[in-house]
Amino acid sequence: IDANGSDRNIYVAGSSGNPRRYIYIKGFECRNGIRGVFVENYAKCIIIDSLYIYGFYGQAGVRLDASYEYTIDSVTIKNCRIITPIYYNGQTDGIYVQRSQRTLIYNNYVRIRNQDETAHVDAIQAHLSNGFIIYNNILISDSVNSPEGGGMPIILGSQGNNPVIIYNNFM
């Protein structure tokens, strides 16, 4: 799927009266979008599997972003290859998660090759979320050089009572 510079390659969004549930996205090559895959508001049990996402120029190859607390629930991101453009001057995280709960991330290759001179770019960035299991990933953020500190393999903010379990990752 070539987004040809448009906002996103794949978009999943629901509303309080019409939530999106049980969607399986598998095996796509996504390129040249502002975001690769964007899951927004009222989505539950979404699986993102075996995608190759590259050439995106906005915040995240995979972005889970809810306007309301925990209206994205039980998303799995697995077996994906997410690679930023080389030395692009913008904040493009590999995976970005906000106001989601019970997020499972495993068996992914995420390579951050770009930089932003005033911000950080991270392999996985999350905040205002509740619970993660993150394992068997390769998370590389080695090309970043900025006054803000560059980027990190994982910047994770989790609140609430769901567990955060991170193990067996190469960072």
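## Basis of the description

The model is predicted, so local features need pLDDT of at least 70 and side-chain atom pairs count only at pLDDT 80 or more, while totals for chains, interfaces and linings use all residues. Residues are numbered from 1 along each chain as its sequence is written, and side-chain values use heavy atoms, with hydrogens and water left out.

## Salt bridges

Side chains of opposite charge can pair when their charged atoms come close. The structure holds 8 salt bridges, each defined as a side-chain nitrogen of Lys or Arg within 4 Å of a carboxyl oxygen of Asp or Glu.

One of them joins aspartate 2 to arginine 31, with an N to O distance of 3.2 Å. This pair links distant parts of the chain, 29 residues apart: aspartate 2 belongs to the segment before strand S1 (8-13), and arginine 31 to strand S3 (residues 29-31). Strands (E, at least two residues) and helices (H or I, at least four) are DSSP runs, numbered from the N terminus.

Arginine 31 also meets glutamate 29 in a salt bridge, at 3.6 Å from N to O. Aspartate 2 has a relative accessible area of 39% and is partly exposed; in this scheme buried means under 20%, exposed over 50%, and partly exposed in between, using a 1.4 Å probe and protein chains only. Glutamate 29, at 36%, is partly exposed, and arginine 31 counts as partly exposed at 33%.

A further salt bridge is formed by lysine 78 and aspartate 49, whose closest N and O atoms are 4.0 Å apart. Lysine 78 lies in strand S9 (residues 76-78) and aspartate 49 in strand S5 (residues 43-49), so this pair ties together parts that are 29 residues apart in sequence. Both lysine 78 and aspartate 49 are buried. As for shared partners, salt bridges join Asp2, Glu29 and Arg31 into one network.

## Isoleucine 140

Isoleucine 140 is found in strand S15 (residues 138-141). Its relative accessibility is 17%, and isoleucine 140 therefore counts as buried.

Leaving aside residues up to four places away in sequence, isoleucine 140 touches Tyr109, Val110, Arg111, Ile112 and Phe170, where contact means heavy atoms within 4.5 Å. Asparagine 114 stands 26 residues from isoleucine 140 along the chain, and their C-alpha atoms are separated by 11 Å.
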